[in-house]
Amino acid sequence: MNGSPHIVSDVMTRTVAAVGRGAAFKDIVRTMQERRVSALPVLDAAERVIGIVSEADLLPKEEFRDDDPDRRTQVRRLSDLAKAGSVTAGELMTAPALTVGPGATLAQAARTMARAKVKRLPVVDHAGRLEGVVSRADLLKVFLRDDEEIAEEIRREVVAYLFPGPASDVRVEVRDGVVRLGGRVRDTSLVPVAARLVRAVEGVVDVRFDLAEPDRSA
């Protein structure tokens, strides 16, 4: 079975804005505004990703502009106070950067984003050099797959694998990403396995079954 899953390099954005370690505060803000992004990878001289600078890293400078925090705040917000006095990407960035490889599956990238509560990940090669960025929106592109394309993959990669036999034995219908499998199969114990495999196909929203064993009384 090799039709799914798709990988990060299939959906990532390849033209990426980034800044160097020495980029100045105002240049970082200007780049974010011009490129309409909320975070930028920070690169070293070899174009390896060494950190991420985000709007959250920049905001403390404004937050503490005219504020004299008390002792408790100083202890609790030590990192933010340090960033409030920082002026370069190297001082402001969050490091090390959380990244993903171009060969990672979309599910792996989604789990990484969810666990870290981030909206995007730099995509790096084996040496840590920047190749692109993958965002939540990129991962959702799989749900734009054509229904018939999804159905054909399920017929080829799931039905033919689990329920070999005449094509008419199991019907596959897909509408708006919802898969319906109907017909008769020799072994209904394989239905839970089929459910798991169908849900793993990129673009599937839900799966419903109307499968039964052959009528042996006939």
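Author: Buried residues account for 39% of the 218 residues in the protein chain. The model is a predicted one, and its protein chain holds 10 helices and eight strands. Of the contacts between residues at least 6 apart in sequence, 60% join residues at least 24 apart.

The part requested is an open sheet of three strands, ordered E6-E7-E8, in which the pairing is mixed. Strand E6 (170-175) and strand E8 (206-212) are the edge strands; each has a single partner strand, and therefore one side of each is left without a neighbour in the sheet. From one strand to the next, the twist averages 10°.

The pairing of E6 with strand E7 (residues 178-184) is antiparallel and comprises six bridges. Within this pairing, Arg171 has Gly182 of E7 as its bridge partner. The loop between E6 and E7 contains Asp176. The phi of Asp176 is near 55°, a positive value in a residue other than glycine. Is Asp176 buried or exposed? Its relative accessible area is 64%, and because exposed residues are those over 50%, Asp176 counts as exposed.

Helix H9 (residues 147-162) lies across E6 and E7 and runs at about 150° to E6. Helix H10 (residues 191-199) also packs on the sheet, where it touches E7 and E8. The direction of H10 makes about 155° with that of E8.

The two helices may next be considered together. Two packed helices are described by the angle between their axes and the distance between the axes. The axes of H9 and H10 come within 10 Å and cross at roughly 160°. Because angles over 145 degrees count as roughly antiparallel, H9 and H10 are roughly antiparallel to each other. The crossing in which H9 passes H10 is right-handed. On the H9 side, the contact is made by Ile154, Val158, Tyr161 and Leu162; on the H10 side, it is made by Val193, Ala194, Leu197 and Val198. By class, the contact has eight nonpolar residues, with no polar and no charged residues.

Elsewhere in the chain there is another open sheet of three strands, in the order E1-E2-E3, and its pairing is mixed. Strand E1 (19-20) and E3 stand at its edges with a single partner strand each, so one side of each is left without a neighbour in the sheet. E1 and strand E2 (residues 39-43) run parallel and are joined by two bridges; in that pairing, Gly20 has Leu43 of E2 as its bridge partner. Helix H2 (residues 25-35) lies across E1, E2 and E3, at about 130° to E2.

Glu47 lies in the loop between E2 and E3, and its phi is near 65°, a positive value in a residue other than glycine. Ser54 belongs to strand E3 (residues 49-54). Ser54 has a relative accessibility of 17%, and since the limit for a buried residue is under 20%, Ser54 counts as buried. Apart from neighbours within four places in sequence, Ser54 is in contact with Met32, Ser38 and Ala39.

The remaining strands form a hairpin. Strand E4 (residues 120-124) pairs with strand E5 (residues 130-135) in the antiparallel sense over five bridges, and Arg120 has Ser135 of E5 as its bridge partner. Five residues stand between the strands of this hairpin, in which Gly128 takes a positive phi near 85°.

Two further sites complete the context. A cis peptide bond, with omega of about -5°, joins Ala95 and Pro96. Pro96 is in the loop between helix H6 (89-92) and helix H7 (106-116). Ser9, for its part, is in helix H1 (residues 8-11), and it is buried, with a relative accessible area of 19%. Not counting residues up to four places away in sequence, Ser9 touches Arg14 and Pro102.

Terms used:
Residues numbered from 1 in each chain as written. Predicted model: local features only at pLDDT ≥ 70, side-chain atom pairs only at ≥ 80, totals over all residues. Heavy atoms only, no water. Pairing = 2+ DSSP bridges. Helix = DSSP H or I, 4+ residues; strand = E, 2+ residues; numbered from the N terminus. Axes fitted to C-alpha atoms, helices over the stretch in contact; angles between N-to-C directions. Contact = heavy atoms within 4.5 Å. Buried < 20%, exposed > 50% of the residue type's maximum accessible area, 1.4 Å probe, protein only. Parallel < 35°, antiparallel > 145°, perpendicular 65-115°, else oblique. Left-handed = near helix turned anticlockwise from the far one by under 90°. Nonpolar A, V, L, I, M, F, W, Y, C, P; charged D, E, K, R; others polar.
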